[in-house]
Amino acid sequence: MGMRNQAAVVASVIGLVLAFGTGLAGAEEASAKPDVEVTIVAVQYEGTKVWVPATIAVSEGDRVKVNLINKIPTDPAQHGWAIDAFKVAKVVNRGEPTSVEFVADKEGVFPIYCQLHPAHVGGQLIVLDD
Ligand SMILES: [Cu+2]
């Protein structure tokens, strides 16, 4: 019910034409709230570039929103945050926070890495059985 109210609010903001054009399911999809939202920051610790926290755990089926902030002061000014299993590959510019959303639709342990610099220390996404 909350979702429907959200959909109605979004529809009124973006316009009824779009809401009707995409159908109710589409409107709900567009306004779907994440089940989990986390913020992960890239930092440099004693010369090593890391995303903190490196490991995140969610439940299978969760819609996950990840806010990504690059605070590494040295060049290069871009780092990546990628999870192949969920087709996530975000490039994060220093000083330009961004976010990515995906649905963790399979359980397991999946590597997280910087697709621009594979040598950088990566992490793990743990998707628990719902
Ligand atoms: Cu990198």
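1. Strands β1 (residues 36-45) and β4 (residues 63-70) run parallel and are joined by seven bridges. Strands here are DSSP runs of E with at least two residues, helices are runs of H or I with at least four residues, and both are numbered from the N terminus. Two strands pair if DSSP finds at least two bridges between them.

2. The model is predicted: local features need pLDDT of at least 70, side-chain atom pairs count only at pLDDT 80 or more, and totals for chains, interfaces and linings use all residues. Residue numbers start from 1 along each chain as its sequence is written.

3. The β1 and β4 strands belong to an open sheet of four strands with mixed pairing, in the order β2-β1-β4-β7. Because β2 (48-52) and β7 (98-103) each have a single partner strand, they stand at the edges, and one side of each is left without a neighbour in the sheet. On average, neighbouring strands of this sheet are turned by 20° against each other, direction ignored. For such angles, axes are lines fitted to C-alpha atoms, for helices over the stretch in contact, and angles run from 0 to 180 degrees between N-to-C directions.

4. Overall, the protein has two helices and nine strands. Along the sequence the pattern reads α-α-β-β-β-β-β-β-β-β-β.

5. Strand β9 (residues 123-128) pairs with β3 (residues 55-59) in the parallel sense over five bridges. In this pairing, Ile-56 has Leu-125 as its bridge partner in β9. Strand β9 is also joined by five bridges to β8 (residues 108-112), and these two run antiparallel. Here Pro-111 stands opposite Gln-124.

6. Of the 130 residues, 17% count as buried, that is, with 20 or more other C-beta atoms within 10 Å of their own C-beta atom, placed from the backbone (exposed: 12 or fewer; partly exposed: in between). The largest nonpolar core has 16 residues, and Trp-81 and Ile-112 touch the most other members. Such a core is a set of buried Ala, Val, Leu, Ile, Met, Phe, Trp, Tyr and Cys residues joined through C-beta atoms within 7 Å. At least two core residues come from each of β4, β5 (78-83) and β9; β4 supplies the largest share, three residues.

7. Beyond its neighbours within four places in sequence, Ile-112 is in contact with residues including Trp-81, Ile-83 and Leu-125. Contact requires C-beta atoms, placed from the backbone, to lie within 7 Å. Among the contacts in the protein with a separation of 6 or more, 59% join residues 24 or more positions apart.

Definitions and conventions:
Contact = placed C-beta atoms within 7 Å.
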